Amino acid sequence: MAVTGLGAISPLGLTAEETWRAALAGRSGVGPITRFDASTFPVRFAAEVKGFAADRYTQSRAARRLLSRPATFGLAAAEMAWRDAAFGMPPSRDRVGVVLGSCMDAISLQRSEDLYRLYVQRTPPEQAVTDPFLCLRDASPTGTAQIAAELGAEGPNVSVYVACASGTQAIGIAAGMVRRGEADIVVSGGFDSMVTEWDILLFATIGAVSTRNSDPQGASRPFDKNRDGFVMGEGAGVVVLEELSHARRRGARVYAELLGYGSSLDAFRITDTPPDGAGAAAAISRAIEDAGLRPEDVQYINAHGTSTQDNDRSETRAIKSVFGDHAYAVPISSTKSMTGHLIAAAGGLEAVLTVLAMRDGMLPPTINLEDADPDCDLDYVPGIARRADVKVAMSNSFGFGGSNAVLVLGRGAADEVAGL
Amino acid sequence: MSKRRVVVTGLGLVTPLGMGAAEFWSALAEGRSAVTRVDLLDSAEAPRHLVARGPQFDIRSLVPDRKLLRIMPDSDRYALAAARLAVDGAGECIHVPERRGAFVGTRKELMAYEMLRDATAASLDEEGHLNSVRLGKLGFPQVPPLALVTGMPNGCLFALSVLHSIRGSGANLIGSGEIGLAAIGAAFRAIQQGQVEWALAGGQDAGANQWDYADLHALGLLSEWSGDPSQAVKPFDRHRDGFVLGDGAAVVVLEELGSALNRGATILAELSGYAESCDARGVLQLDPDGGALARGIQAALCQAGLSPDEVGYVNASGVATAIGDRSEARALNLVFGGGQHSPVVSGIKGAIGHLMAASGAVEFGATVLALHHQMAPPTLNLSEPDPEFQFDFVRSRAREVEIRTAITISRGIGGQNAVAVLRRWESQ
């Protein structure tokens, strides 16, 4: 199965290439929150998408009424990926699917006021809604459905939500559809924005987000001893997956092959991963096995690496338990150090970055990794991007609620097409 | 690679018609309706909101984990109860957690609203508006620490994995009317491909509340029928005017055929095909001609290796909206019209309302029971079928009919279509 198109909207840029160049330069996309006045908030910074002109992507009246900010990121990234895949002849509509990890239904302040009227002031439900389209705009499947409408995709249309693993699980599900012949092409990845008033407050109540207000750009520091939580990010990352022979027949550029997918459930605690990383390790092993490879074949890992104490430690253990001694030889980096945590979109964006790492033979760095945590003693590509020839790479995502999802990607077919 | 076969060995239904598959089926077959008129505000006013409320039950007797239940709102509780019933009915099965999967379809929103009420109340200004400065200062201390996890859309998947020792693959899918069936489809594929041998799959919802009522009323999807509530929802009838919201969940146990046979399980039906398609016209914009749905039905049948002529019963989505039923009926015509053996057709939303994210799974359950009992459940309130719809509808009371193959159709608000093909199990 081939990856033939890439699209991204991220805190590092408004295209996949722009994001990629910034990641290689080790730039941070984190800054003070500008979406709303966060001056009284316990957390006053985030990795926001900057300079995004939503009206470029929402020209139809339906799109303006129905698309939330994160769904508009999704539409923009999906349209970019679609153009990037460069279908000369439009593919048969019923053979194109859309499977996306989509944002949790965010509650706007306007909606909170509606709800207060409903539940506390007991306004009759017939009169409580100020904007009938608000419930659709707030509902995550709306984005996936509208993107299908824009692309004319009449194949399977699925929205996936397993918190931080949503984008990766979506790509895994999409890959299954292509493999089984249920679709020739699936547009997949994720979109999200939890840079909203309620979301930031809710994550702050459980202590999952960094409170390093004095140094926002240093706040996301995966695997560093002084990490104190993740940084909320937003955006979208989308890939076009296509059956390999379908891609070859039309002479498409092949970025990479999707070789394997693994998923697992921790069955442990809702916001914690088991300290031994057993669930994560199971997903990693399943993905490698699904690809028909051995752990030693993996030459780069794009880590989940959220910058929380628990995740980075248990992810390191999971990698060691699957890779044994090879764990010390394989370079690992967390691009969340620069992009922040895009939650449901994280897996989509990280798949895009992993593909580009293979294409260019360059590994993006883990920035802010200054003081190594003794429990995290692998090669995390600290600080500066590194040249490396990578034929097989892996992307990890582990979500709240104990859902784990892992992709294995390979450069194989891209090399062949390029005559290497 | 030859695909593994998948059978249904457990069925847990928590619906407005009662607890468990037996209560559900007897009420459904008799033609009873669970639609009532209530006052969602619990005020002294005359009741005027049509809904189909979920059954009363003691969740603690089914899920003896108080700590877990603290973070499970109603929709999740319905699903956990349904899963318990399904697992108990299916009997002893594979115990290796890595070979077990869980697949959930939900519409759950991030917020359990009660959890945010105090913070909202503390932050509103004199005009009843919220702003972030007040929310950060006055609201934040009032946000309970459990608010985030209680609202997590994948909370049910998490709880199922803990309660039933599931560590294999899993997925949590978000949608509306189609998504309960889509979760069953995802489980079907995972077993077919050998990722797991056994899976819990289904959907859950709790839409009979003022919030959802307000939203769907504003979108014009709800019935405004003023007569007897049991006659409100009229699928395929010329006087149809929308649906009512219902509460509940359905969870099924799906199992690889070999593993079910080895343990001597009771097989309720075989799930032999599943497919999805999308109208792709955007939210609330169904294809009036049903073309994409027709292709979905054909793809599901093709996967099962069956032709339309072999289908004996169609459990239709029948949402009782003007465009929804027309689009579905035209799709059925495209697939089954002109065939020699047209299937009998019925839809059960007249009896239980629209259970949204649970409906696809509940209706899958109804289809399993139809095969098991060799009886098609009725479409209530279909007294004057829309003249355009020329089908052999089952009306008022269940009808005994020989069914070897049945399909069930579920559709989402964004034009998503899900279709499953079920076969009567005859031991070989």
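This is a predicted model: local features need pLDDT of at least 70, side-chain atom pairs count only at pLDDT 80 or more; totals for chains, interfaces and linings use all residues.

Trainee: Does Asn368(A) count as buried or exposed, and how many C-beta neighbours has Asn368(A) inside 10 Å?

Mentor: The general idea is a neighbour count: a residue is buried if 20 or more other C-beta atoms lie within 10 Å of its own, exposed if 12 or fewer, and partly exposed in between, with C-beta atoms placed from the backbone. Asn368(A) counts as buried because 27 C-beta neighbours lie inside 10 Å. Its phi is near 70 degrees, a positive value in a residue other than glycine. Asn368(A) lies in the loop between β11 (362-363) and β12 (386-387) of chain A; helices (H or I, at least four residues) and strands (E, at least two) are DSSP runs, numbered from the N terminus.

Trainee: Where is Ala267(A) placed, and what is its phi?

Mentor: Ala267(A) is in the loop between β8 (256-265) and α11 (278-290) of chain A. Its phi is near 50 degrees, again positive in a residue other than glycine. Ala267(A) is buried, with 24 other C-beta atoms within 10 Å.

Trainee: How compact is chain A for its length?

Mentor: One compares the radius of gyration, taken over C-alpha atoms, with the globule rule, which is 2.2 Å times the number of residues to the power 0.38. Chain A has 15 helices and 14 strands. Its radius of gyration is 20 Å, close to the 22 Å that the rule gives for 420 residues, so chain A is as compact as a globular protein of that length. Along the principal axes its C-alpha trace spans about 65 × 55 × 40 Å, and buried residues make up 66% of the 420 residues.

Trainee: What are the corresponding values for chain B?

Mentor: Chain B has 15 helices and 16 strands. Its radius of gyration is 21 Å, close to the 22 Å from the globule rule for 428 residues, so chain B is as compact as a globular protein of that length. Buried residues make up 65% of the 428 residues in chain B.

Trainee: How should I read a strand, taking β6(A) as the case?

Mentor: In a regular strand the side chains alternate between the two faces of the sheet. Strand β6 (residues 185-193) of chain A is mostly covered, with 9 of its 9 residues buried. Ile185(A), Val187(A), Gly189(A), Phe191(A) and Ser193(A) point one way, and Val186(A), Ser188(A), Gly190(A) and Asp192(A) the other way.

Trainee: Which strands pair with β6(A), and in which sense?

Mentor: Two strands pair if DSSP finds at least two bridges between them. Strand β4 (residues 96-102) of chain A runs parallel to β6(A), joined by 7 bridges, and Gly97(A) stands opposite Val186(A). Strand β7 (residues 234-242) of chain A pairs with β6(A) in the antiparallel sense over 9 bridges. In β7(A), the bridge partner of Val186(A) is Leu241(A).

Trainee: How many residues does each chain give to the contact between A and B?

Mentor: Two residues are in contact if their C-beta atoms, placed from the backbone, lie within 7 Å. The contact takes 75 residues from chain A and 74 residues from chain B. The side of chain A that touches chain B has 43 nonpolar, 21 polar and 11 charged residues; Ala, Val, Leu, Ile, Met, Phe, Trp, Tyr, Cys and Pro count as nonpolar, Asp, Glu, Lys and Arg as charged, and the others, Gly among them, as polar. Strand β5 (residues 157-160) of chain A and strand β6 (residues 170-174) of chain B run antiparallel, joined by 2 bridges. There, Ser159(A) stands opposite Ile174(B).

Trainee: What covers the buried residues of α10(B)?

Mentor: Helix α10 (residues 210-218) of chain B has 9 of its 9 residues buried, so it is largely enclosed by the rest of the structure. Its cover includes α4 (109-119), α5 (125-128) and α6 (134-138) of chain A together with β4 (49-52) and β8 (245-256) of chain B.

Technical notes:
Residues are numbered from 1 along each chain as its sequence is written. Chains are lettered from A and ligands numbered from 1 in the order in which they are written.
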